[in-house]
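Keep the picture at hand and look up each residue as we come to it.

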Amino acid sequence: MRHIISILIENEAGALSRVAGLFSARGYNIETLTVAPTEDPSLSRMTLVTAGSDDIIEQITKQLNKLVDVVKVVDLSEAPHVERELMLVKVRASGKDREEMKRMSDIFRGRIIDVTETTYVIELTGTSSKLDSFIVAIDQTLILETVRTGVSGIGRGDRILKI
Amino acid sequence: MELTGAEIVVRCLQEEKVEHVFGYPGGSVLYIYDELFKQNQVKHILVRHEQAAVHAADAYSRSSIGKIGVALVTSGPGVTNAVTGIATAHMDSVPMVIITGQVPTAYIGQDAFQECDTVGITRPCVKHNFLVKNVKDLAETLKKAFYLAKTGRPGPVLVDIPKDVTAQKYAFSYPDSISIRSYNPVVKGHSGQIRKAVQLLVGAKRPMIYTGGGVILSDADQQLGKLTRLLGFPLTQTLMGLGAFPATDHQHLGMLGMHGTYEANMAMQHCDVLLAIGARFDDRVIGNPAHFGQVARKIIHVDIDPSSISKRVKVDVPIVGNVPDVLDELIAQIESSDRAALPGNIAGWWKQIEEWRGKDCLKFKQDDQVIMPQFVVQKLYEVTGGDAFITSDVGQHQMFAAQFYKFDKPRRWINSGGLGTMGVGLPYAMGVRFANPDAQVACITGEASIQMCIQELSTCKQFRLPVKIINLNNRYLGMVRQWQEMFHGNRYAESYVDALPDFVKLAESYGHVGMRIERPADVEPALREAFTRHKDDLVFMDFITDQTANVFPMVAAGKGLSEMVLAEDL
Ligand SMILES: Cc1cc2nc3c(=O)[nH]c(=O)nc-3n(C[C@H](O)[C@H](O)[C@H](O)COP(=O)(O)OP(=O)(O)OC[C@H]3O[C@@H](n4cnc5c(N)ncnc54)[C@H](O)[C@@H]3O)c2cc1C
Ligand SMILES: Cc1ncc(C[n+]2csc(CCOP(=O)(O)OP(=O)(O)O)c2C)c(N)n1
Ligand SMILES: [Mg+2]
């Protein structure tokens, strides 16, 4: 099953490599990984999407907790949470495709943030599956490049990850 | 007062009451060596290869209570040579601090002379590591290193120090204590969980206690003895746990696992309540986990590292905590529980166990022609009164040592279990001897393993270390040969050890005493001579042993624990 794991970690050189190294050394998979400093600059927050059986997820959280730099670990998917991912898609947009691309972007609540005579860059935010759907919905041959941030997630209501 | 980084390093070692540092110099640690030279409190032990420095420091920790082994090596090749030693300590959770030199900060990343990414290379085989880029952080980082190494689940911690940092100056102050917000190991066990455990224990019909390295690492032998006698249960110990509970005690069924005794493995497989303490259900211990799971039993598991629990075998009552603390509470709760029915309940189980024990699974035949390796270990046990520190290398001789030297005290049995590193035996003996200056120390080894760190005979000469090397010379990579015999149709690919040196002459050329023992009748007299007349000498005892001896019982890889091959089956 897919799990979204949030990690508070000391914002120190090499912290990311400890997490990434743990996953490769133990053969766990990483679907997406995002990391940035928090409002407290001494801490970074990572969101990591992985998949595995309950036993594997239990080991992953235990192994993450064992890393000396890791302050807290939460499996967001255990309880209500929201998740978002941002995608930028550069598409060919000329002739009749131009109008159609604009229409699709609107349907998916995207924003066009760069315009040239022949291209658009569309910014899209949502769950990963929404972003996937957009890719499927538009004419594949018009896609020039895509870039995604990976998932960020946060617990709902008074579920708070802080020290 | 302002001190240089190098002075700070030495002052920190002094503050930590470090008496010995095992190391090897080189360009990037020269300032540190210069400071070591100027003082007498911390003694430096010059080895002949960095791997041996780390192994010696590792054994220094393993064989002592509260002393932490420290190794010091230079950047680049010094570090890469040290990696085997670090990984060895890591796999067995041994506390240790490794200080490594690094190229100057401005050169890092430039492919500088003798540069390597030390923190990157060692990251997967240390508990934690640091690169100190600023002299301001040096003292605190070293404090953290010692603290991390010895608390929680212990392990090696590495501190990488660029050369310029050892030359820069900063006001020295050593913190009295330290806390790390992201690191809070649990000490006390959860009382509710302990209560559940007690209910299972007092209600058991076929109970079993299974203990491991965690009991040794936490010096909980007193509590373990008390608990085991209080319950009257049978007990088995892993290779890493030997000595925590006396091997000569009737409640001890011997080691379990791949080369464990018949009675220990059968009892482990068939018990209804299992109390696991500081042991990690290793693949060499429980065999095939699916086969192990075929018998329904309740498992209670005490371990300080949550990730050791339910990793390979699902546990019913997890208790996260430090062994001595948890056992103290367990003992108190058992003492106040109603357990009058217990002895009657388990009488039948003991009867069954005695039947298994009656198989005498370790028996072997010693004729008057060829020396059996088991016989040498038996005689060594007798001659040393069972009271020596025994180090070993890796192979058949290691298993014979574990099976036939009956350890009654903890921290006497020093070997590499998790990584299984050939070459540790001699440097381990050095580390033991520095930590226990008057102790009898013997290294049980094989003609192949001993050659992996043989250069340390020179270190032993320089520091007058009267280690007794018990070389069980079967002219084979015996453990490999055994697998080839059993699983690869007797095709002995590359397992014959050809072109052996004359070990007697070799020992003599290093300035030691050498003996070759070829007949069973000479085994005991030779050992007596080594431990009396040559008490103060290093004696290299080359025992020419049976080439075909195999280690039994054996649970083949992937087989179930009760599917042992016994010597009598062949
Ligand atoms: C050739 C060869 C053959 C082998 N055959 C066998 C065999 O037949 N039988 C056998 O047993 N082994 C055998 N081994 C060794 C095996 O590979 C493992 O190293 C060993 O079984 C692990 O022992 P352990 O479970 O006691 O764990 P250790 O590696 O000693 O781990 C200790 C455990 O205790 C925990 N711990 C540490 N400190 C504390 C504390 N303060 N409080 C609570 N918990 C703590 C740790 O978290 C860890 O889970 C063999 C090795 C070799 C090289
Ligand atoms: C560094 C290293 N390389 C290879 C091995 C694999 N190995 C395990 S036991 C063994 C043979 C050891 O031979 P010897 O030291 O003569 O001991 P014996 O088994 O004959 O008693 C080998 C090669 C290992 N454990 N360590
Ligand atoms: Mg051999």
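Start at the meeting place of the two chains in this predicted model. Across the interface of chain A and chain B, the rule finds 4 salt bridges. One to look up is the pair Lys314(B) and Asp55(A), whose side chains meet in a salt bridge at 3.6 Å, N to O.

Which elements of chain A give two or more residues to the side that touches chain B? They are α1 (15-25), α2 (54-66) and β4 (70-75) of chain A. The largest share of that side comes from α2(A), which gives 6 residues. By kind, the residues on the side of chain A that touches chain B divide into 8 charged, 5 polar and 5 nonpolar.

Now step back and take in the whole contact. Chain A brings 18 residues to the contact, and chain B brings 16 residues. The size of an interface is often given as the accessible area lost when the parts come together. Here, the area buried between chain A and chain B is about 1,400 Å², and carbon and sulfur atoms give 45% of it. Three residues deserve a look on the chain A side: Arg18(A), Lys62(A) and Val68(A) supply 43% of the area that chain A buries against chain B, more than any other three residues.

Most residues other than glycine have a negative phi, and most peptide bonds are trans. With that in mind, find Ser310(B), in the loop between β13 (298-303) and β14 (317-320) of chain B. Phi of Ser310(B) is near 60 degrees, a positive value in a residue other than glycine. Is Ser310(B) buried or exposed? Its relative accessible area is 15%, so Ser310(B) is buried, as the cut-off for buried is under 20%.

Further along chain B, Arg475(B) sits in the loop between β18 (468-473) and α20 (478-487). Arg475(B) is not a glycine, yet its phi is positive, at about 60 degrees. With a relative accessibility of 19%, Arg475(B) counts as buried.

For the last stop, go to the segment after β20 (539-544) of chain B, where you will find Pro553(B). The peptide bond that joins Phe552(B) and Pro553(B) is cis, with omega about -5 degrees.

Conventions: Residues are numbered from 1 along each chain as its sequence is written. Chains are lettered from A and ligands numbered from 1 in the order in which they are written. This is a predicted model: local features need pLDDT of at least 70, side-chain atom pairs count only at pLDDT 80 or more; totals for chains, interfaces and linings use all residues. Side-chain values use heavy atoms; hydrogens and water are left out. Contact means heavy atoms within 4.5 Å. Buried area is the accessible area (1.4 Å probe) that two parts lose on being put together, summed over both. Helices (H or I, at least four residues) and strands (E, at least two) are DSSP runs, numbered from the N terminus. Ala, Val, Leu, Ile, Met, Phe, Trp, Tyr, Cys and Pro count as nonpolar, Asp, Glu, Lys and Arg as charged, and the others, Gly among them, as polar. Buried means under 20% relative accessible area, exposed over 50%, partly exposed in between (1.4 Å probe, protein chains only).
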